[in-house]
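Dear colleague,

I am handing over the structure below, together with some notes on what was found in it. Please keep the structure open beside the text while you read.

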Amino acid sequence: MTNALGIFDKQNALLPYIIAGPLLRKVTPDQIALWLVTSEPLKGSFHFYQEQELVTQIDSASINQSIQVGKSAFINLIEYRPEHSLSTDTWFSYDLECEVRGEIQNLKSLLPHLVYPGEERPKFALKTKLDQVLHGSCRKPHYASEDALLRVDQVLESSKDDIESRPALLMMSGDQIYADDVAGPMLSAIHQTLDLLGLAPELIEGATVKNSAELYKSEHCYYEREELLPQTPAGQDLADRFFAGAEKPIFTADTAHNHLITLAEMLAMYFLVWSPQLWRHISLNAGEVSDKYIDRYLDEQREIDLFVNGLPDVQRALAQIPVYMIFDDHDITDDWNLTRGWEEAAYSHPFSRSIIGNALLGYWLCQGWGNAPDKFPQQWMDLIQQDAIADRGAVRNDLITQVLEFEAWSYCLNTSPKLVVLDTRTRRWWSESSGAKPSGLMDWEALSELQQELIGEDAVLLVSPAPIFGMKLIETVQRIFTYFGHALMVDAENWMAHAGSANVILNIFRHPKTPQNFVILSGDVHYSFAYDIKIRFRKNSPDIWQITCSGLKNEFPHALLNLFDKMNRWLYGSRSPLNWFTKRRRMQIRSRIPEGMPAKRVFNGSGVGLVKLNQVGEPTEVTVLKAQGGDISFPYRKPKSRS
């Protein structure tokens with residue numbers, strides 16, 4: 001079997017046909033999108049069922065867009081557009097019958113674990129009424145906690161025969177991967193994946209290694225990637241700006257020493273964090289690692305092993321529910337576009353620019369494409385194919401330029417309430433006074449477009465990766481560090497850090513033509529909380545709920561968060577005069593108390609959020625499904641009357 005990149009060798013014949021996925025992505029009455037990665041060109045037919053009745057059978061070639069990214073790696077997006085709108089509040093299922101080495105196999109025969117007991121195919125509920133929504137962010141594979149996506153699988157299995165209890169969708173609100181914080185064993189698995197799939201090599205500009213082959217063979221590839229930068233006096237300064245974690249420079253994660261660099265590395269990580277297939281062909285050993293990092297490597301390997309054990313259930317869950325995603329910084333790099341100075345430094349050097357561009361390309365191919373397939377230009381698909389088989393330097397630079405200039409990563413769904421997902425990363429509002437001050441999370445033009453999306457709606461489910469209303473004490477600490485020019489040291493990425501964006505977003509809430517009910521879903525912060533918000537001194541204030549669940553597999557340092565939570569309650573209680581010195585002084589914000597935790601206002605633990613909404617878009621239940629089992633509820637508290 002041959003293709004544009006050459007001939008499949010004998011090892012490829014042993015690869016699984018499906019490498020990653022299928023992930024069920026955009027689901028509306030008029031469009032069904034399915035994402036998967038195959039080791040061979042996808043050949044076969046797509047079968048679609050309503051209840052148990054076959055609705056259609058279509059040659060997959062007629063509805064599939066495929067992008068070849070390696071000798072044995074094809075990213076596919078199957079889009080089914082029915083002739084007539086599909087019924088809502090109805091069970092549907094799908095199947096693929098594929099020609100695999102001369103034999104026809106369906107999804108259940110290829111992936112027996114993909115379906116729940118008693119089912120023949122992956123099954124999902126098509127809901128345009130968002131009565132229940134799962135949400136979460138921040139899934140770091142080597143973090144020492146359980147994976148909360150396993151709770152999603154449990155929820156779906158328990159509701160497989162009860163459409164009323166089935167959540168309408170899963171919203172993943174950022175940091176689906178950590179491109180800037182990669183464990184040594186994960187990096188080893190990534191490099192084995194490159195060889196297994198023949199992922200396309202690339203040139204590297206601005207570093208001491210000239211191409212990806214030199215990078216992977218370098219003695220500094222593991223835990224020392226900062227050493228691969230130019231070793232000149234000017235280059236040493238560049239190394240300080242790129243990787244010196246304590247100084248918070250361009251690549252600011254303290255663990256950026258294994259930062260992914262090439263597009264092939266980015267893609268391999270996506271394939272490895274969502275599906276177990278490739279792990280069966282990977283053998284983790286510390287042979288590539290210097291002796292001084294062995295202990296760290298082995299500690300990380302224990303967590304990676306536990307993570308991989310749960311991937312079959314994760315793969316099953318992501319095939320059974322519509323999944324929507326949006327990036328946050330770690331999908332690209334820590335503190336991505338936090339300040340004007342950061343942007344000017346990062347995009348002016350070819351090495352950092354290509355790393356950011358490769359990460360954004362990986363996001364498009366593995367996340368963004370399925371959110372809104374119609375938004376992305378065909379030219380990108382043509383260029384990525386040329387990049388795989390032609391002049392990788394010029395073509396890749398052209399493609400990266402286009403991706404970095406793209407301004408349509410946000411998207412909406414015409415559900416009830418309307419789902420509006422914000423891009424808070426690529427359209428920042430720069431500080432005019434200093435390049436070291438935090439940028440606004442959205443600029444004036446982007447916020448104006450948001451307001452137009454909201455006008456006339458009765459209710460909205462607004463997804464902002466960073467909470468719009470966060471913990472005031474942490475925001476104060478960030479403001480102090482920002483005043484002294486150290487915004488990057490404390491990740492000063494909150495909506496209130498920039499006066500322009502803060503005033504505009506708060507004015508949107510106060511506008512008489514925007515929705516009466518705002519539910520804001522957020523992640524980013526690595527802890528969970530819920531606020532009830534009203535506008536002061538207004539009789540017909542909209543109802544606003546800030547609901548944050550973070551992370552799926554990550555947590556905030558426990559002792560530090562306990563201190564912040566306690567001090568925040570002391571200093572910024574509902575009647576504290578300090579509230580009048582914040583940008584939110586015209587907002588009345590009441591924290592919900594986690595059930596069974598009377599002395600706290602936050603929950604610090606890995607989990608996935610579950611929000612239940614009533615007919616008018618008000619949250620009736622706010623819950624965190626803990627990764628280790630059990631639930632934490634954030635019940636509504638009736639305000640005390642005042643004399």
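**What was found**

E493 is buried, with a relative accessible area of 10%, and a residue counts as buried when that value is under 20%. This residue lies in the loop between α14 (472-483) and α15 (499-510). Although E493 and T339 are 154 residues apart along the chain, their C-alpha atoms are separated by 9.4 Å.

**The chain as a whole**

Please bear in mind that this is a predicted model. The mean pLDDT of the protein chain is 88, and 87% of its residues reach 70 or more.

The protein chain has 16 helices and 24 strands, and of its 643 residues, 63% are buried. If you take the contacts in the chain with a separation of 6 or more, 76% of them are accounted for by residues 24 or more positions apart.

In the pair α2 and α8, helix α2 (residues 149-158) packs against helix α8 (residues 311-318) at an angle of about 55 degrees, and their axes are 8 Å apart. The two helices are therefore oblique to each other, and the crossing of α2 and α8 is left-handed. On the α2 side the contact involves L149, L150, V152, D153, L156 and E157, which meet D313, V314, R316 and A317 in α8. Sorted by class, this contact has 6 nonpolar, no polar and 4 charged residues.

In the pair α3 and α6, helix α3 (residues 184-197) and helix α6 (residues 263-274) pack at an angle of about 105 degrees, with 9 Å between their axes. That angle makes α3 roughly perpendicular to α6, because angles of 65 to 115 degrees are counted in that way. Among the residues of α3 in this contact are M186, L187, I190 and L194, and among those of α6 are A264, A268, F271 and L272. By class, the contact of α3 with α6 has 12 nonpolar, 2 polar and 1 charged residues.

Which residues make the contact between α9 and α10? The axes of helix α9 (residues 340-347) and helix α10 (residues 350-371) come within 6 Å and cross at roughly 105 degrees, which means that α9 is roughly perpendicular to α10. The contact is made by W342, A345, A346 and Y347 of α9, together with S352, R353 and I356 of α10. In terms of class, the contact of α9 with α10 has 5 nonpolar, 1 polar and 1 charged residues.

Terms used: Residues numbered from 1 in each chain as written. Predicted model: local features only at pLDDT ≥ 70, side-chain atom pairs only at ≥ 80, totals over all residues. Heavy atoms only, no water. Axes fitted to C-alpha atoms, helices over the stretch in contact; angles between N-to-C directions. Helix = DSSP H or I, 4+ residues; strand = E, 2+ residues; numbered from the N terminus. Parallel < 35°, antiparallel > 145°, perpendicular 65-115°, else oblique. Left-handed = near helix turned anticlockwise from the far one by under 90°. Contact = heavy atoms within 4.5 Å. Nonpolar A, V, L, I, M, F, W, Y, C, P; charged D, E, K, R; others polar. pLDDT = per-residue confidence, 0-100. Buried < 20%, exposed > 50% of the residue type's maximum accessible area, 1.4 Å probe, protein only.
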